[in-house]
Amino acid sequence: MTRKKGIEPPSILELIAALEKEHAALLDKNRSKFIAKQHAKHRMTARERIAALLDSGSFREIGPLVGNDGGESRAVAPADGLVIGYGRIDERTVGVSSHDHTAMAGSSGSAGSAKTGRQVDLCIEHGYPYVMLCDSSGHRIQEGMSSHHFAGGIPTVKRMIEASGWVPIVCAILGEGWTGPASVAGMSDFVVAVRGTSNIALAGPPLVKVAMGKTMSKEELGDPDMQATQNGIVDLVVDTEADALAAVRRYLSYLPSNAQQLPPISPCNDPRDRRENALLDLVPANLRMAYDVRQVLKLIVDVDSFFELKPTYAKNLVTAFARLNGKPVGILASQPNHLAGTIDALACEKGAHFASICNAFGLPMVYFIDTPGFLVGPEAERSGLSRRAVKLLLELGRATVPLATVVMRKGYGLGYIAMNGGRSFGSEMVVAWPTAEIAAMSVEGGVNVAFKHLYKDAEDPEAKRLEVLAEMKSRTGWLPAAEGFGVDDVIDPRDTRSWLIDAFAQCRPRRLPSNIPKLHPITPL
């Protein structure tokens, strides 16, 4: 290229100055009008969220000078409304993307989609978690209405699926969560949202109005408490953005950066042989009395390490991360104070998803059993329980992580098996407490159904029934379970902590692979 005579090219310092000006235009301090609108909604900006999430000064942005298509200037959608890059959480690398709601409502344009794809590729290639901080109105309609942009689809979806189970995928809905964010929430391992601020739905009010001719509020469509309690899409609903970002950090603290690494071990000052006398009273011997199993679990695991997921969804099953002697574990526990710990369809979905996360990232699983079995009746059948129950069994059956089982009280029927009862799935440790009662169904129900002939014609049928009931109860308690070697031992509840720590200490991180040459298990409907 020839230059006009007398015109000198800019110096390197002039070029750097121009570059710095472009970068400076992106900063919050130089976009005060837009930032003020975001703060007026009591929301952080995209870059403020990243700074609050990551270790101080660790963020490296990728693609800040990307511009959107369609003739708009970068001033309208700086960085195309999406900030991406990588940084550290507790000195471990994570990839992060953060919607900029001040830029065209954080809508997803073609350039922003390309940035997302780049971020997912880096996470897959280098094996570190992907954290999405969502505040987006969804796909950018201005571009989506052109087949030039949309005909090629969204290749990032496939890459997200490839990343699943390889690296942890975390989604924080911190404001708007229409369409795209709702979809990625469904593909994420952990989803946290902010009460009173977040909204999550596949279509927002304007699209619902067009499609259905019905006006609906954001809260009606995407209230986070509804999505957490009724649908289980959200794992945790918190009160502030700061709480949400803290939850992301805590969630990742239990997991390795990828499936080939071991879970991180934390320093532990909690004695291995700590015994809590309160355990003797928390689980009543009377099978009809309810209790909160979370109080039991918190006394067994390392102090302050209990982190419950989906606490308001399928409350009859507790799923939580915790630590034992500093090592992360996954816990699945019957919850007798809700539906008496009965397993229904929602509990199956919840338990299967949680077990899948533990299996993917190498967390040993501990099952605490106190269940009368699966829910029965027409409601249960209409919920598709027969199919969904198999999901719980499937994830347990293909577990590659060490397993342990504690039978606290009731262990009845297929529910006992689905909660890893006995030798069904080769647990590394199976123990019972003296309050345990194990049978194919509740003892009273079994007597009434199968042993009626022993008392119906007696002189005093009720007295005879109670005699038969007492005899059957003697066969279903802790001693016959130990005599038949269905459990390794019957233990004092106060010794459960040391039993679990010792059991996992002598295990391989992963079980030996099966020799059956199948390529893929069939997921139940």
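Helices here are DSSP runs of at least four residues, numbered from the N terminus, and in this predicted model one of them, helix H3, spans residues 46-53 and contains Ala-46.

Ala-46 counts as buried because its relative accessibility is 3%, and buried means under 20%. Leaving aside residues up to four places away in sequence, Ala-46 touches Val-83, Ser-98, His-99 and Asp-100. Ala-46 and Cys-134 are 88 residues apart in sequence, while their C-alpha atoms are 8.9 Å apart in space.

Strand E3, which covers residues 92-99, is mostly covered, with six of its eight residues buried. The pairings of this strand are set out below.

E2 and E3 form a hairpin in which two residues lie between the strands, and Asp-90 in the turn has a positive phi of about 55°.

Leu-53 touches Ile-89, Val-96, Val-131, Leu-133, Leu-245, Val-248 and Arg-249, again not counting residues up to four places away in sequence. Leu-53 and Leu-133 are also among the residues with the most contacts inside the largest nonpolar core, which has 69 residues. Helix H15 (residues 345-361) supplies the largest share of this core, namely nine residues. A second, separate core of 29 residues includes Phe-306, Met-408, Leu-500 and Phe-504. In soluble globular proteins, nonpolar side chains tend to be buried together.

Terms used: Residues numbered from 1 in each chain as written. Predicted model: local features only at pLDDT ≥ 70, side-chain atom pairs only at ≥ 80, totals over all residues. Heavy atoms only, no water. Buried < 20%, exposed > 50% of the residue type's maximum accessible area, 1.4 Å probe, protein only. Contact = heavy atoms within 4.5 Å. Core = buried A, V, L, I, M, F, W, Y, C linked by side-chain atoms within 4.5 Å. Pairing = 2+ DSSP bridges.
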